[in-house]
Amino acid sequence: MRIRTLTLAAASGAALLAAGVLPASASGAVAPMSAQEGSVSAADLLAKVTSCSQISSGKYKTDDETSATIPVCGKNGAVFWKADMDIDCDGQRTTNCNEDRDPWYQDDTAFHQSDGKPLKAESLPYIVVPSSSSIWNYSSAGIKGGGVVAVIYNNKVEYAVVGDTGPTKIIGEASYATAKALGIDPDPATGGADSGVTYILFKNSKVSPIESHSAAVTLGDQLAKQFLANN
């Protein structure tokens with residue numbers, strides 16, 4: 001839910017991030033231990049998104065300083081885009097997601113846990129969708145809060161949920177937990193990946209409760225298989 005004004009460094013801390021398990025949230029959400037999740041390979045998913053049938057009216061920037069080059073593309077049962085990854089640390093305050101660690105920190109997320117509290121970026125894999133605008137309206141495309149997303153980077157698949165909304169003209173952002181699981185430096189101030197991240201959002205899907213990562217993996221694997229079969 002931020003507008004970044006700094007260029008993020010390229011991901012370079014993968015080796016430092018390989019070990020360790022993210023703390024589980026108090027609500028019972030279990031953080032990912034590693035990515036490759038599910039039974040569908042990154043290669044099989046990427047093979048279905050080699051070409052773009054643009055459904056957005058325009059294109060998005062990856063950061064404030066960049067030009068608008070990223071379209072939202074449509075497939076049977078899904079939408080996708082290929083972009084960078086900025087780090088979203090918004091929501092509940094945790095050790096690594098707070099005002100001291102994140103210059104853009106906000107204590108809320110667009111979508112909330114089943115108990116009404118904001119999401120926990122440090123432990124829950126989620127992505128950020130651009131707020132609805134004349135460029136694209138995510139809800140009219142069948143994308144909703146808690147929807148399942150396959151996030152692909154460096155031949156790894158991580159299942160996440162739609163957890164937050166961002167600027168109307170910028171795309172390519174995911175939570176601290178998503179980045180860490182994929183081996184991307186999750187530091188909200190200096191981390192992220194400059195390119196190479198594919199986001200496949202499955203239409204009309206919803207994880208319940210939104211904070212259950214295991215539920216996202218189970219549903220995501222099922223929808224990924226359907227996506228392969230239908231495209």
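A disulfide is a pair of cysteine sulfur atoms within 2.5 Å, and the close-up views below apply this rule to a predicted model.

**View 1. The disulfide of Cys 89 and Cys 97 is left-handed.** In this predicted model, the sulfur atoms of Cys 89 and Cys 97 lie 2.0 Å apart, and the two residues therefore form a disulfide under the cut-off of 2.5 Å. The torsion about their S-S bond is about -60°, so the link is left-handed. Cys 89 is buried, and Cys 97 is buried as well.

**View 2. Cys 52 and Cys 73 form a disulfide.** The sulfur atoms of Cys 52 and Cys 73 are 2.0 Å apart, and the link, with -100° about the S-S bond, is left-handed. Because Cys 52 lies in the loop between α2 and β1 (73-75) while Cys 73 belongs to strand β1, the pair ties together parts that are 21 residues apart in sequence. Cys 52 counts as partly exposed, at 39% relative accessibility, whereas Cys 73 is buried, with a relative accessible area of 3%. The count of disulfides comes to two, and with bonded cysteines counted along the chain the pattern reads 1-2, 3-4.

**View 3. The largest nonpolar core holds 60 residues.** Within this core, the residues that touch the most other members are Trp 81, Met 85 and Ile 127. Two or more residues each are contributed by α2 (42-47), β2 (78-88), β3 (126-130), β4 (148-153), β5 (156-166), α3 (176-181), β7 (193-202) and α4 (213-230). Strand β2 supplies the largest share of the core, with seven residues.

**View 4. The loop between β7 and α4 contains Asn 204 and Pro 209.** Phi of Asn 204 is near 55°, which is a positive value in a residue other than glycine, and Asn 204 counts as exposed, at 58% relative accessibility. Further along in this view, the peptide bond that runs from Ser 208 to Pro 209 is cis, with omega near -5°.

**View 5. Asn 155 sits in the loop between β4 and β5.** The backbone of Asn 155 has a phi near 65°, a positive value in a residue that is not glycine. With a relative accessibility of 60%, Asn 155 counts as exposed.

Conventions: Residues numbered from 1 in each chain as written. Predicted model: local features only at pLDDT ≥ 70, side-chain atom pairs only at ≥ 80, totals over all residues. Heavy atoms only, no water. Core = buried A, V, L, I, M, F, W, Y, C linked by side-chain atoms within 4.5 Å. Buried < 20%, exposed > 50% of the residue type's maximum accessible area, 1.4 Å probe, protein only. Helix = DSSP H or I, 4+ residues; strand = E, 2+ residues; numbered from the N terminus.
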